[in-house]
Structure formats: C-alpha cells, structure tokens
Amino acid sequence: MKRIFGRSWVVLLLICAFTAGICVFTGDYFLQGARWVSFPANKHIYTNGQLTAAGDILDRSGTVLAQTKNGKRVYNESARIRLATLHAVGDPAGNISTGAQRAFSSKLTGYDLLNGVYSMGGSSGNDLTLTLDADVCAAAYKALDGRAGAVGAYNYKTGELLCMVSSPSFDPLSPPDLSRDTSGRYSGMYINRFVSSVFTPGSVFKLVTSAAAIDQIADINTRQFRCTGSLQIGPDVITCPKAHGTVSFKQALASSCNVTFAQIAQELGADTLTQYAAKAGIDASYSLDGIRSAKGSFDLTGASDAQLAWAGIGQHTDLVSPLGFMVYMGAIANKGVPVAPRIIKSLTSPIGIPLHIALPSTGARMLSESTSAALSEMMKNDVTETYRAGNYPGLDLYAKSGTAEVGKDKKPHAWFAGFIKNEECPLAFVVFVENGGSGSAVAGPIANKMLQSAVRALSD
C-alpha cells in the first residue's frame, strides 16, 4: 500500500511538472513566437541566412525598396536609393538591427499565433510600406557626401518619419569586407547613427537651456550680457570663438555666445537644468514602431561650477540622440507637445487586407505653449540674423546650429536642428555630421538640400 501511495505521488509530481512545462512553453510561444520564427536558422523563411519568404518593403510613394524574386531577396535598382535606405531596409545578413528586414521580420513573413508563417495562398508574406520617401533620403545621403553622420526629418503633426539616413552606408548588393577596410571608411557601417547612437550636442543644447531661462528668469528678455571672449569661473575658463560685446538673450542665442549661456546656466543651477533636460527627453528612449532609440544623458553629479556652465552650453558629459533631439524640435514647433515618431505607414496581407492602423500619438508636454512660442521666435531670429534666410530659399525655417567640441585632436561634431512651418510639409529635422566642423557651415547646407527635396515630394 505504501509503495502504491509513493508511486502515486511520483506520478502526481510528474503531471505537475508536465503541466508547468506546458504553461511555460505556451507563455513563451505567445511572447517569443515571432522571435523563434525569425531566427535565421528557420529554412522556411531564410535561404543561406538571408530572409527570402517575405513581402515587399516599399516607401511612402510605392517605390519598391526590397522584395523577393525567384527565391532571392533583391533591392531597388538604383544604387543611390539602396545606399540611402540601407539602415531603414536592412542588409541581407540582418546585421543592421534597425532595418525592417530584421526589426519587422515577423510582419514581413506574415507570422501569426494560429498559423505561424503558413499561408494557404502560398504567398511570400505581407507587404510593408514605410513612411519614408526614398528620394528625400537619397538627397540627404548625397548631401552628406560620404561623411559619417545622420539626417532625420519627421512630420511633427502626424509623427511620420520622412527621412532617416545614416552614414557610412554600403550597397547591400555588395557588402564590403571589413577585414580589408584599412582606411576605416566603413567603420560603424552597421550602426544607425540616427537611432542607435548618442553624441555630444554642443550649442544645439542651448535651446534646452533657453527654455529653462524663459520660464525661470523673470527679466531674461531685458537683460544685457557682456562677453569679452572668455569667462573665468574659479580656476577654469569658459571661452567663446570671439568677443561678442554686449548682447541680449536673443542675440546671445543667435551668436551662440558661450559666455552668456555659462552665466545663465550658473543662475539656473544644476537641479533646474537637469529638470529641463529631462522634460526635453534628453535621457528618454523612443520607440520607432518597436525599434528602440538610444538614451542620451545629462548628468551633473559632483559637477563643478565650470562643468555646470559647460553642461548648459552642451558640452561637459552631455549626450543626445539625433532622433530624440528631432522629437524635441517637433515639440517646439507643435506648441510644446511632442508627437511620437513612427516609420510604418501600412501593412497589407497577400489578399490586400490592411493589417496596421497608424494613428498619431502624443507624449507628455515638453514646454508650455508660451515658452515654445518664445523659443520659436528666437530660432527664427537665428536664421535671419546668423544663418541667412536666403541660404534656405522658400523655407520658413526655424533653427539652431551646434559645433560640439570632442577633443583637442578631433574636429568638432556639426549639428543643425529645427523645423519648418508649412501646412503641407510640417517637418522637424536634425542633421549631424561626425567630426564635421562648423554646424552652420557644414550641417546647414545638408539640411537645406534635404528639406528642399522634402517640400517638393510632399507638394507634388
């Protein structure tokens, strides 16, 4: 009797273990099924490690960026479009994590919980239309002219990402052999600098400091600041490229006066600057339809007075994501409210059934409406007084440049960020050129070429 009782317990324990295993497997299937199917060893959808059983990837106008023909994945016939959209579409081997062929592989293969990737119609998957415009991306890539960097632009009303370009890039039809790249030309080619990297912002960060000053310093617009070209703070010296003389707050932003913004940062203090950096989303990670962006940082822990001053100028240890800063530009343009960026325009089944509904999604307010209006006015003044509106013909441009110092032996990073006011084309943008030099001289013309292409594309 004892033996039967003991065996019963063993059987009961085995049943419990089996049931627990089924529960764990079922849970993992629901949570991880799409990832299991998308594993490159799955020969049902991969051939020689390349995704083949998948639908088309198209840009917003219907231009095919990638598709499967005769069991092989092929790309757009234009080399300039292949290069410009590489980090959005992805490489054949799936090394680019932000590429649609990897990030949205389950959508492209038509995976669902009930049928897996099996289709009664024998289809090769769902068609994915991106919000990007291939020609606008190509214009941005051409303007980068081989330099490392990133260009992005999105509709700050709808969240649709119109341009996403990262350089260096390569032709997916002939990936380079990195072991033979002695020049470093392709260094970081698998990294999407727009989404997955963070960089020292330099003077574009002065927009965050300016927002804090507008809110917290009552007489900021009537103040006069004196710049002799440098400012002594304890044993350290804050320097300007030149002596700006006596300037107002608005003039200080237009001339990007470090001495003025060092004084403003000190008056605001570490706690207030940290608060406004957080409100601006500097340390936030954004989801681009599930693709997570890198987080920036603003850390004044243990900072000296001089380091606090440099942080308000966009130096010290400040780091920002190009995508995240673009969203902040959109918030300024959109009366202080950010709209979440997105890259999927539509997803269509093999028989034409829409599978994706894209709606604008707003985030927490970053600025008050009055502050965004005041900051917009100052950014407009930057263009008219410093960058010259004639350099951006036909564009109602609001902008700030940045020249971020990153070491004595390296050229500074070049930034240009802002937005245009255009009912047909309400775009916020960011241009970043790694070790490019002057923000307005290097990044500004890239922004103009990209925006001119964007306005033409959306106005046609």
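**Note on the predicted model**

1. Phe 416 stands opposite Val 431 in E18. The pair belongs to an antiparallel arrangement in which strand E17 (residues 413-420) and strand E18 (residues 427-433) are joined by six bridges. The model is a predicted one.

2. E17 and E18 are part of an open sheet of five strands, with the order E8-E7-E18-E17-E16 and antiparallel pairing. From one strand to the next, the twist averages 5°.

3. Helix H14 (residues 369-387) packs on this sheet, where it touches E16 and E17. The direction of H14 makes about 75° with that of E16.

4. A hairpin elsewhere in the chain deserves a look. Strand E4 (residues 64-69) runs antiparallel to E5, and four bridges join them. Gln 67 is placed opposite Val 74 in E5. Two residues lie between the strands of this hairpin, and Asn 70 takes a positive phi near 50°.

5. Side chains alternate along strand E5 (residues 72-75).

6. Of its 460 residues, 52% are buried. The protein exposes about 21000 Å², and 53% of that is supplied by carbon and sulfur atoms. Among contacts between residues at least 6 apart in sequence, 65% join residues at least 24 apart.

How values were computed: Residues numbered from 1 in each chain as written. Predicted model: local features only at pLDDT ≥ 70, side-chain atom pairs only at ≥ 80, totals over all residues. Heavy atoms only, no water. Buried < 20%, exposed > 50% of the residue type's maximum accessible area, 1.4 Å probe, protein only. Contact = heavy atoms within 4.5 Å. Areas by Shrake-Rupley, 256 points an atom, 1.4 Å probe, with all protein chains shown as cover. Pairing = 2+ DSSP bridges. Axes fitted to C-alpha atoms, helices over the stretch in contact; angles between N-to-C directions.
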